[in-house]
Amino acid sequence: MNQPRIAIVGAGISGICMAVALQRAGFTDFTLYEKADDYGGTWRDNTYPGLVCDVPSRYYQFTFAMNPDWSQLYSTGPEIKNYLAGVARGHGLDRRTEFGTEVVGAEFEDTAWRVTTSTGAVERFDFVMCATGFLHHPNRPDIAGLDDFGGPVMHSARWDHEVDLTGKRVGVIGTGSTGTQLVSALAGQVPKVVMFQRTPQWILPTVNRAYSPVAKQVYRRVPALGNLAYYANRAIFAAFSQGLVHPGRIRSLIQWVVARNLQSVKDPELRRKLTPDYQAMCKRLVVSDRFYAAVQRPDVELVTESIDHVKEHGVVTADGQLHELDILVLATGFDSHAFMRPMAITGTDGRTLDQAWADGPRAFEGVMMPDFPNLFMLVGPHSPFANHPLTAVAEAQAFRIVSWLKRWRAGEFDSVAPTRAATDRYNARMRAAAPSTVWTTGCQSWYLGKDGIPELWPWSPGQYEKLIRRTPDPIDYRLDRRVASKK
Ligand code: NAP
């Protein structure tokens, strides 16, 4: 059987998913490149206190590796990281993974990719699959004097476990999913937490709970129950996603729930400070069962005055007040538009990724690009990733990618890429749909591109799944063959 040579870049959720999908379809000649020394991607990088996934674990997992043993409804970061590493190792991916090896460049030549790694090795591959994620490059804020701070400064995604928090006053900059989880976890553990808020967040209440040993036993004995839980959660998320992409009852219901949740903040002044001036879900919705309780504690201070600069002993706000601190945490998010960066990728006719994406990342159906044949992306631009499990997105995209490889194996083509016309049409349709999404209702968020248009799939995840699992329309692609094919 013809075996294409395949490089997968990144051993996080989508890289692991892709590798397993390849193996299951009989494609065994692949190398999984990972610049770090373990599996897990963002779940390996993020180890900050309080990290919990806000999608229930029974849904935030691969359908081909259902775990009956989740410890709680919403699992912690370490548990998810261990799950992902367990899936990878359980499928024998160690044999095919090169840890500590960064792909620095890829050039398309003839009908194959010339891939260069940080070790200096150059290899030819028939296909390259980029599974490099988008919550990867920490955003270090441009705040004056940050380097003058006398204590440790750490980004939430680069938590330094050597730093002893005992007896320390901790400042947290940022109020996203990360900042709220951090403040909730640190409150009561250190003498003082100061949260610097630039923009308040709506908080969706939830309840986390542990699975009892009996419940785990039942899930182990009756795998159908795990499947049922997966699809029940999927149905709930599908309903929720209607609120993201269409105005209407679900959006109003969620607005009502978050506004009611805010009423649990008793002090009217604090409540006022925590009240956003934009619609719920415009920014990525924060889900928490603990944040409002934490922020009302006497040892937690919410600072809404903007940060002017940082100096040795703390943060100075615009009103001239010095907030004295021992440790500063930057929960300031990621450069979420830096897909596949900083790899130097060059497609046909010397066209670089930087040139192709001068106006922002654009792909065809989230997985391919014109002028970059045989290059696939997982969780690429405009994939449905708002409050939606990437495990499900990656599985659907891996299905599409494998379907192309099967056609390659059948000798239908040597290289394939979508046409520019198809890609332009696709992106134009998404732009036209953007105004009915909640992400354009008037807030700043990492969802928005340079042009202010969300870089997200503007319809339901179910519609995406349907699109990506259908047979590709031949009119949208250019399939090339070498004159004398090697197959
Ligand atoms: P984020 O949502 O981008 O939030 C960054 C925060 O930093 C915002 O509050 C932002 O304020 C603030 N900020 C940035 N630069 C600043 C500056 N110069 N001065 C003051 N404040 C500044 O980042 P995140 O909280 O790390 O979350 C990123 C994504 O990771 C989430 O949206 C989610 O998709 C994922 N995540 C998921 C979970 C989970 O439970 N599944 C947990 C954590 C993260 P503005 O709002 O004013 O910009």
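This report describes a sheet, a loop residue and the surroundings of a ligand in a predicted model.

Strands of a sheet pair through backbone hydrogen bonds, in either a parallel or an antiparallel manner. In this model, five strands form an open sheet in the order 8-17-9-10-13, and their pairing is parallel. Strand 8 (153-155) and strand 13 (300-303) each have a single partner strand, so these two stand at the edges and one side of each is left without a neighbour in the sheet. On average, neighbouring strands of this sheet are turned by 20 degrees against each other, direction ignored. Within the sheet, five bridges join strand 9 (residues 169-173) to strand 10 (residues 192-196) in the parallel sense. Val172 has Met195 of strand 10 as its bridge partner.

The loop between helix 9 (291-295) and strand 13 contains Asp299. Is this residue buried or exposed? Asp299 counts as buried, because its relative accessibility is 17% and the cut-off is under 20%. Its side chain makes a polar contact of 2.9 Å with the side chain of Arg297. Beyond its neighbours within four places in sequence, Asp299 is in contact with Gly188, Val190, Pro191, Lys192 and Val193.

The ligand is surrounded by 22 residues, of which Val52, Thr175, Thr178, Thr199 and Lys283 are the closest. Helix 4 (residues 177-186) gives the most to this shell, with three residues.

| Residue | Distance to a ligand oxygen atom |
|---|---|
| Gln181 | 3.3 Å |
| Arg198 | 2.9 Å |
| Trp446 | 2.8 Å |

Taken alone, the ligand exposes 910 Å², and the protein buries 85% of that area.

Conventions:
Residues numbered from 1 in each chain as written. Predicted model: local features only at pLDDT ≥ 70, side-chain atom pairs only at ≥ 80, totals over all residues. Heavy atoms only, no water. Pairing = 2+ DSSP bridges. Helix = DSSP H or I, 4+ residues; strand = E, 2+ residues; numbered from the N terminus. Axes fitted to C-alpha atoms, helices over the stretch in contact; angles between N-to-C directions. Buried < 20%, exposed > 50% of the residue type's maximum accessible area, 1.4 Å probe, protein only. Polar contact = N/O pair within 3.5 Å; in protein donor to acceptor, adjacent residues only side chain to side chain. Contact = heavy atoms within 4.5 Å. Near = heavy atom within 4 Å. Areas by Shrake-Rupley, 256 points an atom, 1.4 Å probe, with all protein chains shown as cover.
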